[in-house]
Amino acid sequence: MSNNPETKGLSSFDFFTIGFGAIVGVGWALSLNNWMANSGGPIPAAIGYLMVLVILTPVALCYCELTPMLPVAGGGAAFAYRAFGETASIISGWAAFGAFIFMLPWEAIYVTDVLSMIIPGVRGDTPLYTLNGGDVYLGGLIIGLVVTAIITWANAKGAVSAAWFQKVMTVILLAAAAIGIISGIFKFDFDNLKPIYENVNDANHSSIFGGILAIMTSAPFFMCGFETIPQAVEDASGDVKDVGKAVVMAVAVAALFYALALFVLGAAAPWQDFLDVDSPAVSNLLLNAYGGAIGRVLYIVILIGTLAGLLTTWNGFYVAAPRLLMCLARANLVPKALAKQNPKNGVPTNGIILCAVLSAAGPFLGVGLIEPLTSFSGTACLTSWAITCFCLIRLRKTEPDLPRPYKIVGGTPTAWFGGIVMTVIWVMFFIPTSPCYMGTMAMIIFLVWMAIGIILYLGNSGQRRKVPKEERAAAMFATMGDE
């Protein structure tokens, strides 16, 4: 349903690569052994991701029904506006925007680390300064800014250009991951999976059930990204029902991929020995397992896939963030200037500029802020996911006649399950004694970020009063043609 006559629009595969690529970044390749350590072994970690699939599928199904029903940029923000009004919309939208936008400096920080593993010395030897315990290098600044410029350029050209970049990087990521898993199968030994559970990291659990729960509660960050798909629905070509289905497919493939990687690679060597392998974990695992030229080739192949995964995540959130901001601006929930689009390709120009600025800031922050940004993004995603589930429940009551090209399996009870589970996990993020407590720094970032959103919302009230509520709603949903 592309609204821009000068572009072809995005296919269902484009949407899948946007979502899957945004979810699967570098964590599996760099930190797979940390997942095992935090959950007590590869078996509880793999089962944990299978359980993540169980609890996230209802959430994905809610997006699957709501996206073709309300095919406008904004995703959860647009759904909340229609279901509950402005307050819910700004909370859901601003939280999701925070998750998206804080991913950009995260990727800009990590790109240098990954490149330096492929090309030693690329970032330089002497740090310029240290921030929050992390060193910042001149080479890192240059690399981060150059890659930011490339991704900004691809997105500024339009959704089709950004989607083409995403497809190429996703294919490279999938190819490298497949090679890694197949290589792990040739070294597979069930004895390497023993003991099935052991608390080796002084984690806050004492049984396999606790280990499974630990990986489940850390998963929101590593599964964050599927909600990028609805943001680009206005650029879709063909049946918008396929856009919703791409959300479910991205969630399913990503969770199954994580579980398979943990199971297979966890058995490629004694898993407790794997815990001591330095990052990049999977590259070093295969290097040690095969040795020689084959091991070295596998090391480089996995690193190339890691770099591709980093770029797919970066680009996926770059596609989503400006469009989400545009949605909020259309209804005057944030300054109207952020709704400005390029008349030739429909790109949200001011949103792209803001993303470029924030992404460029990443290399200057350094790796010391990675952990709190990770926890913040997971919490922010959960906020929007929970609200979206309740939006479906509400809209089934208030607008039962609204066309629904797809209706979720299980109906309203499915949405209730997703909403309640997401809310419970969200609450656990704020409890210091829970296994998924986000940490003090991440909590401060979350609260400050949400306060900024409320201030922007209240500060823009004068502009909102100048535009009738019906006209603002019409602007948000104009591309549906039902207003």
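Are Cys224 and Cys381 buried or exposed? Both Cys224 and Cys381 are buried, where buried means under 20% relative accessible area, exposed over 50% and partly exposed in between, with a 1.4 Å probe and protein chains only. This is a predicted model, in which local features need pLDDT of at least 70 and side-chain atom pairs count only at pLDDT 80 or more, while totals for chains, interfaces and linings use all residues. Residues are numbered from 1 along each chain as its sequence is written, and side-chain values use heavy atoms, with hydrogens and water left out.

**View 1. The disulfide between Cys224 and Cys381.** The sulfur atoms of this pair lie 2.2 Å apart, and a disulfide is defined as a pair of cysteine sulfur atoms within 2.5 Å. The bond links distant parts of the chain, 157 residues apart, with Cys224 in the loop between helix H8 (208-223) and helix H9 (241-266) and Cys381 in helix H14 (residues 370-398). Helices (H or I, at least four residues) are DSSP runs, numbered from the N terminus. A search of the whole structure finds one disulfide.

**View 2. Cys327 and Cys389, two buried cysteines.** Cys327 has a relative accessible area of 0%, and its sulfur is too far for a bond because the closest cysteine sulfur, in Cys391, is 12 Å away. Cys389 is likewise at 0% relative accessibility; the closest cysteine sulfur to its own, in Cys62, is 4.0 Å away, too far for a bond.

**View 3. Leu138 in helix H6.** Leu138 is partly exposed, with a relative accessible area of 48%.

Definitions and conventions
Helix = DSSP H or I, 4+ residues; strand = E, 2+ residues; numbered from the N terminus.
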